[in-house]
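Me: I've just opened this model and would like a friendly tour. Start with whatever wording I'll need first.

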Amino acid sequence: MEWANDKSKGGVLAHLERLETQMSRSCKNLEDPPRETAESDLGTKIRKLRCLRDKLRAEVKQRQARIKASTANAEPDQTLEISEQEAVGGKEENMKAILQAYRFTGLSGKRTSRGVCVCISTAFEGNLLDSYFVDLVIQKPLRIHHHSVPVFIPLEEISAKYLQTNIQHFLFCLCEYLNAYAGRKYQADQLQRDFAAFLAGPLQRNSLCNLLSFTYKVEPQSRSFPFCARLLYKDLTTTLPTDVTITYQGTDASSTSWEEQRASHENLFFTKPLHQVFTSFARNGERLDMSLVS
Amino acid sequence: MDARRAEVRALEAEIAALRRACEEPRAPGEDTSRARKSLQEVHQSDSGEWAASKDLRGHLGHLESELLFLSTLTGINIINYSMKTEVLTSTENTEKSIKKVLQRHRLSGNCHMITFQLEFQILEIQNKESLSSVITDLNIIMEPTEYSELSEFVSRAEDRRDLLMFFRSLHFFVEWCEYRKCTFEHFKEKYSEAVRLPEGAASSCMVVQSPRQPGFELVIIWRIQIDDEGKVLPKLDLLTKVPQQALELDKNRVLETAPLGFRALLGVLGIEATLESLIKSLCVGENH
């Protein structure tokens, strides 16, 4: 504290002190210290120093061996660079692949300058169908920059409910709607494509594919189309109808077998995908033919 | 004396030199490469390799954040993925307009405590009008196998080859399991005397006992089911265990109707509030 006040003197004092220490050190080096260290003390010191020196020698040898090993290759620094790049590159490939693999979970995406672009994949019974994207801008409030969701999917409704509070819920909900739509569309397309022979005229449907109407027959040989079907899918998150109405418009109204058939058809349409119902009609038709032959 | 002192000085000097040798950077090669790198960065060299290497590291961070986003969003953490493709040559009259490709995929990862390994095949058929992609085979291995509700679900997913539904339902199933575990643990902590978890917090069973009347027990069974469409739903049931005496005294048949009442209560109050009110009703008069 005293020195702090005495700045100039402190500076000079300190300098003098340093000189003093230097002097005493050099004196120590030149002279034998007044008190002679005992022989045994010196002996121990030498032993300790030898031990330390041997340890360090061994360590340096190890390092040299390592250096030799790495320099055994043509150009040591280049190999180091390349292997690092390879390691980084390999990791990048793996990560890119995993990012691609996320489409199998239903949701994948990538970051954009604005936020994130999420891709929703759809499938129905193992058939991979269309994917849709939603480009989100990360701002307050969160908003959709643009998207490829069809207009008849209630996107506004879903985003009003969930987008601001829970992105995950919003995307899962949208995923549900889109997958259900894709599934219904697939069923209708398959029916139209593979079982046109069973239908009188084209299948009538709306864009959402949740209201279907068609006239059909079950016997391939038959010339008339006795059944009229109306399928309504009130729940837009399902791929099976909620309302099924089958009417028999054939001429043979008296027979009870028609009523039985009609009822069983209704049940089939409730429980099986559309095109599979017709697959079973076709199979039954075949069986019927076989029984006629045998 | 001098000889010994000289030896001490010599040893000290050698040790100092050896110490310096140890402190040097690992390999002179590495040192120069590091220097070169920093030099490159400083001079912004156009050397393709170097630019790529620098970009690569920044790019990796970008990819990592994308992966983190997706794993948080889907609840699914994919750790490994690989794919092999095989172009199928049909032995039938080769229609040049039809191209068939078989993809073999391998995917592994985890969803919280459940790990999965998937192997599936996708057949891609490209003809004039369209491209169709169909999953032709799906094999799922999951661990742990204690969740009995899951094994049935997994078989169903495999049969239907419904990969998307598998992941979606798995995520919700695991979330429900975690919620159930948290809820059970919460009640065990809050009402430690009354609540018992005989099979642990991760199980489907919680037993509520009146501390004063140990003969009375309410057993809450909370199962998490995955229905045919892949929807994950909790299903709670109440079982009552009472001494014969109490049954005889129960003129209003409260105990008989308890399970139904429980279901009704669930609909009105929700799971947590229902369980809480149930526990409280048995612990009437206790101070918590």
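Reply: A crossing of two helices is left-handed if the near helix is turned anticlockwise from the far one by less than a right angle, and right-handed if clockwise. Helices (H or I, at least four residues) and strands (E, at least two) are DSSP runs, numbered from the N terminus.
Reply: This is a predicted model, where local features need pLDDT of at least 70 and side-chain atom pairs count only at pLDDT 80 or more, while totals for chains, interfaces and linings use all residues. Residues are numbered from 1 along each chain as its sequence is written, chains are lettered from A and ligands numbered from 1 in the order in which they are written, and side-chain values use heavy atoms, with hydrogens and water left out.

Me: Great, helices then. At what angle do H7(B) and helix H8 of chain B pack?
Reply: The angle between H7(B) and helix H8 (residues 271-282) of chain B is about 130°, and their axes are 7 Å apart. That makes H7(B) oblique to H8(B): angles under 35 degrees count as roughly parallel, over 145 as roughly antiparallel, 65 to 115 as roughly perpendicular and the rest as oblique. The axes are lines fitted to C-alpha atoms, for helices over the stretch in contact, with angles running from 0 to 180 degrees between N-to-C directions.

Me: And in which kind of crossing does H7(B) pass H8(B)?
Reply: A right-handed one.

Me: Which residues in H7(B) meet H8(B)?
Reply: On the H7(B) side they are Phe262(B), Leu265(B), Leu266(B) and Leu269(B). Their counterparts in H8(B) include Ile271(B), Leu275(B) and Leu278(B). Contact here means heavy atoms within 4.5 Å.

Me: Switching to the chain B sheet: what order do its four strands have?
Reply: The order is E5-E6-E7-E8 in an open sheet with antiparallel pairing. At its edges stand strand E5 (195-196) and strand E8 (232-241), each with a single partner strand, so one side of each has no neighbour in the sheet. Two strands pair if DSSP finds at least two bridges between them.

Me: Over how many bridges do E7 and E8(B) pair?
Reply: Strand E7 (residues 217-226) of chain B and E8(B) share 10 bridges. One example is Ile220(B), whose bridge partner in E8(B) is Leu238(B).

Me: What packs on that sheet?
Reply: Helix H5 (residues 163-190) of chain B does, touching E5, strand E6 (205-209), E7 and E8 of chain B, and its direction makes about 165° with that of E7(B).

Me: How many salt bridges does the structure hold over all chains?
Reply: The count is 26, taking a salt bridge as a side-chain nitrogen of Lys or Arg within 4 Å of a carboxyl oxygen of Asp or Glu. One of them joins Arg263(B) and Asp237(B), with the closest N and O atoms 2.4 Å apart. Arg263(B) belongs to helix H7 and Asp237(B) to strand E8 of chain B, so the pair ties together parts that are 26 residues apart in sequence.

Me: Is Asp237(B) buried or exposed?
Reply: Asp237(B) is buried, with a relative accessible area of 18%, whereas Arg263(B) is partly exposed at 42%. Buried means under 20% relative accessible area, exposed over 50%, partly exposed in between (1.4 Å probe, protein chains only).

Me: Where do Arg104(B) and Glu86(B) lie?
Reply: Their side chains meet in a salt bridge (2.7 Å, N to O). Arg104(B) is in strand E2 (residues 99-111) and Glu86(B) in strand E1 (residues 77-88) of chain B, so this pair ties together parts 18 residues apart in sequence.

Me: Which residues are linked with Glu14(B) in a network?
Reply: Arg53(A), Asp54(A) and Arg57(A) are linked with Glu14(B) by salt bridges.

Me: Last topic, chain A. Where does Leu208(A) lie?
Reply: Leu208(A) sits in the loop between strand E5 (204-205) and strand E6 (211-216) of chain A, and counts as buried at 13% relative accessibility. Leaving aside neighbours within four places in sequence, the contacts of Leu208(A) include Phe152(A), Tyr181(A) and Leu236(A). Leu208(A) and Phe152(A) are 56 residues apart in sequence, yet 6.2 Å apart C-alpha to C-alpha.

Me: And how do E5(A) and E6(A) pair?
Reply: In the antiparallel sense, over two bridges, with Arg205(A) opposite Leu212(A) in E6(A).
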